[in-house]
Amino acid sequence: RARRLAAHSNVATVDLAGGGACPGPEAVRAAFDRDEVLAASDVLCLLKRAVDVLAAEPNVLGLQAPLLTIGDIHGQYGDLEELCHGDGDGGALLQARRDCGAPEALGGPPASGDDKKVGSLLFLGDYVDRGARSCEVLFYLLALKVRYPRKVHLLRGNHESRNCTGHFGFRDECNRKYGPHVYNQCCSVFEAMPLAAVVATGRGDIFCCHGGLGPDLRRVADLNAINRRVEPEDKGLLCDILWSDPRRDDEFAARRTTLASFDTNPTRGCSVVFGETAVDRFLRNNDILAMIRAHECQEAGLAQDFDDTVMPFESIGEHEILDGDDNVRKKLARVTTVFSAADYCGHHGNLGAVLLVAWDKACAVAYAARSDPKDFAVPPPASDGELTAMAVRDAQAAAPWMPTTIAGLLAALRDLQA
């Protein structure tokens, strides 16, 4: 039973675990629906369990269709609620979750042994920043991951880093709601997240990641050879898998030089853009049919680039995905971008979308914004007590290596005495 604790940052705080166990997704969701902040002990328990689960996974997951791919959410908890529990237009989202074998808790088919059935949900990263409820998004997803480790998969996005979260809102939100010690543990979770997945289907394998290709990524095995438990730099394989974008203009595609594969990425200020030549070479060298990514806001919630594949494609619900000639798309393209935060940041007006990868076809579900206004709310003004916390946050930002736990402090003292 939830035990109410002292208010923190003008939001009620509740202890959900009681006996020391980590809170389950049902309890976490219920608390967030009441606009309550979880007790720090519950959050730290959840983060520790999540690190253990995620760190045991390889850099590249091996998965099997049916599978539902979900793009950027960016702190829009209302969209996550819709994706996990809403019906969608004409019941399209509910049907997609059932078709992908989602756990019963997410509207999947009722049966025992949820974690042993074929099918799963694959989130492609960028859970935090921009939106005002990034903590809610991250902690609910981690509660699902801990409960269903083989059914819910969380890839790392470019915003799952200290650098991005320090600039785009999550660090401030997390410090305000839970404190620097929780934020630092969140960064450990980010570093434990896998980088990509290869999904087996009846038509061929599909490569999934957040960003895309880079000049150092020749084979999928290259990703398994790197250390992911670090902060990404502004170039290299780890950077590119999180940050790169497809280049779509005709001038780039027509250039018959090595730049027809990769070029600088002025939009991001780091990493590269990759052309059709790079896509063709990567897919051919790895015997892969297509790739699915996120990372870019799309007006229709989903975009497809470069030549079509042999996999049939259809739209479910009232929003149809069109090809470059404004015809209803019938085939999956070699590169698909999925973006799931509808009306991104509350003013882009875009649809959100998910992509169901079935055994022999792909199905898109696009939906209009249903985000809660609280997803874009301005944080409350700081109280006198929070001004002190702000000084702590500034010190932590200046020296992120400082210990944030008693055990860490004692270890540091022992090192100094050695």
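**Strands, a helix and a buried serine**

Student: Which residue in S9 is the bridge partner of Ala197?

Tutor: The partner of Ala197 in S9 is Cys208. Keep in mind that this is a predicted model.

Student: How many bridges join S8 to S9, and which way do they run?

Tutor: Four bridges link S8 to strand S9, residues 205-209, and the two run antiparallel.

Student: What do S8 and S9 form together?

Tutor: S8 and S9 make a hairpin, with four residues between them. Gly204 sits in the turn and has a positive phi of about 135°.

Student: Which strand pairs with S8 in the parallel sense?

Tutor: That is strand S4, residues 60-64, which pairs with S8 over five bridges.

Student: What holds strands together in general?

Tutor: Strands of a sheet pair through backbone hydrogen bonds, and the pairing can be parallel or antiparallel.

Student: Why is S8 largely enclosed?

Tutor: Strand S8 covers residues 196-200, and four of its five residues are buried, so the rest of the structure largely encloses it.

Student: New topic. What is the order of strands in the open sheet with S10, S11 and S12?

Tutor: The order is S10-S12-S11, and the pairing in this three-strand sheet is mixed. Strand S10 (245-246) and strand S11 (262-264) are the edge strands, each with a single partner, so one side of each has no neighbour in the sheet.

Student: How do S11 and S12 pair?

Tutor: S11 pairs with strand S12, residues 272-274, in the antiparallel sense over three bridges. Phe262 has Phe274 in S12 as its bridge partner.

Student: Is Ser340 buried or exposed?

Tutor: Ser340 is buried, because its relative accessible area is 0%, and buried means under 20%.

Student: What does Ser340 touch?

Tutor: Leaving aside residues up to four places away in sequence, Ser340 touches several residues, including Ile70, Asp72, Val354 and Tyr367. Asp79 and Leu83 are also among its contacts, and both of these belong to the buried part of H3.

Student: Which backbone oxygen lies 2.7 Å from a polar atom of the Ser340 side chain?

Tutor: That is the backbone oxygen of Ala353.

Note on methods:
Residues are numbered from 1 along each chain as its sequence is written. This is a predicted model: local features need pLDDT of at least 70, side-chain atom pairs count only at pLDDT 80 or more; totals for chains, interfaces and linings use all residues. Side-chain values use heavy atoms; hydrogens and water are left out. Buried means under 20% relative accessible area, exposed over 50%, partly exposed in between (1.4 Å probe, protein chains only). A polar contact is a pair of N or O atoms within 3.5 Å; within protein, one must be able to donate a hydrogen and the other to accept it, and residues adjacent in sequence count only if both atoms are side-chain atoms. Contact means heavy atoms within 4.5 Å. Two strands pair if DSSP finds at least two bridges between them.
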